[in-house]
Every structure is written in C-alpha cells, then in structure tokens.
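Open the model in your viewer and keep the sequence panel beside it. This tour tells you what to select next and what is there.

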Amino acid sequence: GRDDRALNGVNLEVLPGEKVAILGDNGSGKTSLIKLILRMYAFNKGNISVSGVPVENLDIDSYRNQIATVFQEYGKYEFTVGENIALNKFDAEATSSNIDELLRQVSFPYDQHKRLGKQFGGDEISIGQWQRLAIARALFRKANLFIFDEFSSSLDPQTERRLFNEILSLNATVIAVTHRLGNIKEFDRIVVMAEGKVIENGNFESLIARRGKFYDMWHAQFKSVIAESA
C-alpha cells in the first residue's frame, strides 16, 4: 500500500560461488531485495533470473530446496537441539557426527539430544544461542545459495569472526546482509544500497578509494579504533 517503491532501478548480478555483502542504512531495500530473490515478495516491474531462467518460471519448491537462509527473525523450535538443526531429517535414535561438528562450529553448549524450551520440559536458552542454532540449521543444508540477513547480531566477536570464516569458505554462492563491517574485507564484492537503489558496487579497496557511502560507513564504525591506535 505504500506510494514509493521499496526498490527502484536495482541492476545487480551475482556470479556462481561469489561471496557478496549487502550494506545500507535501515530502509534502504536490503531485505526487500533478498525476499524478492527468494520469491517471498512479488514484483510489478523488471525481472529476476536464476541461471538465465526468470524466477517466476522456476518450480518454487525445487528452487528453495537449493537455498539456505538465516533471517533476523529465525525459527525457535521447542524440540531437541538435533531436531532444531536437521528438522525432519533428524534420527532421534542415533548420534550424528555431522550435527556434532556443526555444534562445535557455532560453539553451542549442549549436545544434539538436549530438549529445549520449558513448554515440554526442556531448558531455556539465550537469544544468542538460538541464533547459533539457526546458523547451524542453515549450514546443515547442502545448498547452492546461502543467504544471511544480519545473522550475527547476537554473537560475541570471537564466534562471529569464526563463523564468518566458515561461511566465506563454503563451496557455494553467499549473499550476506550486514551492518557489522569487521569482516567485510574478506568478501569478493560489496554492494551498498540507499533509498531502494544500488549506489556502490565493488571490492573493498575500490570502494574505499571511491570515498563515497561505504568509505563513510567504514570510517564511522572504526574511527575510534583508528584514533586510539594513531
């Protein structure tokens, strides 16, 4: 029902295997773009294609089965830890080494058979621990495209750094929406959005050299550190 467009004149290509960070102020269109890619929103002008096929012509179930996502609002299932990660693929009678490895990667303190949530007699866990489970759930999937929307907002810096490294080493395409710029240099490409448009698009060095929006964001976030070390 809004009069202005959430996205306007976006022209963007993401290559197979590329690691792309999307930045921008609140309301710049980042999450709208992600949800259009996932066919969660319809669009009334322009086109989105995957490997040359218009997204509206793809089989929606087959398409989404190739994608793993972590949004700011993620599922909190009062099941066991393993069921939270593997969902209907979890075998309650056996121990999965794959799930054990994921729990180590996200530094989760309980084993895969631990029941969560007080409603069914389990333990309550923190927001940050729920977020770690959501990340493990995405990494459990053998996806071709991983999409992370502010996935690390409740993580401590050490865990965040380690998980960024895990994500950037994935043999898949990665799109990450983030405000946290500490690991931004490691991405292949940085896309900056404002008012529903892509205003900058390049690697870290080229955007710093341009001295535009990204340059301002970078120095606003790290100027105190720069000042202290000067």
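In which segment is Asp4 found? Select Asp4: it sits in the segment before β1 (19-24). The model is a predicted one. With a relative accessibility of 47%, Asp4 counts as partly exposed. Asp4 and Met217 are 213 residues apart along the chain, and 25 Å separates their C-alpha atoms.

**The whole chain**

Zoom out and colour by secondary structure. The protein has eight helices and eight strands. Its radius of gyration is 19 Å, close to the 17 Å that the globule rule gives for 230 residues, so the protein is as compact as a globular protein of that length. Along the principal axes, the C-alpha atoms fill a box of roughly 55 × 55 × 35 Å.

Switch to a surface. The protein exposes about 12,800 Å², and 46% of that area is supplied by carbon and sulfur atoms. Of the 230 residues, 43% are buried. Turn to the contacts with a separation of 6 or more: residues 24 or more positions apart account for 62% of them.

**The largest nonpolar core**

Hide the surface and go inside. Select Ile85, Leu133, Phe148, Ile184 and Phe214. Of the 47 residues in the largest nonpolar core, these five touch the most other members. Next, select helix α5 (residues 127-140). Helix α5 gives this core its largest share, eight residues.

Centre on Ile184. What does Ile184 touch, not counting residues up to four places away in sequence? Show Ala21, Leu23 and Thr178, then Ile190, Phe204, Phe214 and Trp218: Ile184 touches each of these. A second core is separate and holds 19 residues, among them Leu33, Ile34, Leu36 and Phe71.

**Helix α1 and Lys35**

Lys35 has its place in helix α1 (residues 30-37). Is Lys35 buried or exposed? Lys35 is buried, at a relative accessible area of 19%; the cut-off for buried is under 20%. Apart from neighbours within four places in sequence, Lys35 is in contact with Met40, Tyr41 and Phe71.

**Helix α4, side by side**

Select helix α4 (residues 97-105). Its buried residues include Ile99, Leu102, Leu103 and Gln105. Why do these residues sit on the same side of α4? They cover an arc of only 155° around the axis, which puts them there. Go back to the buried residues and show what covers them. The cover includes α3 (81-86), α5 and α6 (157-168).

Now look at the two ends. Ser96 caps the N-terminal end of α4, with a side-chain oxygen 3.4 Å from the backbone nitrogen of Asn98. Just after α4, find Ser107, which takes a positive phi of about 55°.

Most residues other than glycine have a negative phi. Select Leu87, in the loop between α3 and α4. Leu87 is not a glycine, yet its phi is positive, near 55°. At 39% relative accessibility, Leu87 counts as partly exposed.

Move to Glu150, in the loop between β5 (145-149) and α6. Glu150 also has a positive phi, about 50°, although it is not a glycine. Glu150 is buried, with a relative accessible area of 10%.

**Last stop: Thr173**

Finish at strand β6 (residues 173-177), where Thr173 is found. Thr173 counts as buried at 12% relative accessibility. Which backbone atom does the side chain of Thr173 reach at 2.8 Å? The backbone nitrogen of Gly17. Show the other contacts of Thr173, leaving aside neighbours within four places in sequence. Among them are Val14, Leu15, Pro16 and Glu18. Asn144, Leu145 and Phe146 are also in contact with Thr173.

Technical notes. Residues are numbered from 1 along each chain as its sequence is written. This is a predicted model: local features need pLDDT of at least 70, side-chain atom pairs count only at pLDDT 80 or more; totals for chains, interfaces and linings use all residues. Side-chain values use heavy atoms; hydrogens and water are left out. A nonpolar core is a set of buried Ala, Val, Leu, Ile, Met, Phe, Trp, Tyr and Cys residues joined through side-chain atoms within 4.5 Å. Buried means under 20% relative accessible area, exposed over 50%, partly exposed in between (1.4 Å probe, protein chains only). Helices (H or I, at least four residues) and strands (E, at least two) are DSSP runs, numbered from the N terminus. Contact means heavy atoms within 4.5 Å. The arc is that of the directions from the helix axis to the C-beta atoms. A polar contact is a pair of N or O atoms within 3.5 Å; within protein, one must be able to donate a hydrogen and the other to accept it, and residues adjacent in sequence count only if both atoms are side-chain atoms. The radius of gyration is taken over C-alpha atoms; the globule rule is 2.2 Å times the number of residues to the power 0.38. Accessible areas come from the Shrake-Rupley method with a 1.4 Å probe; for residues, only the protein chains shown count as cover.
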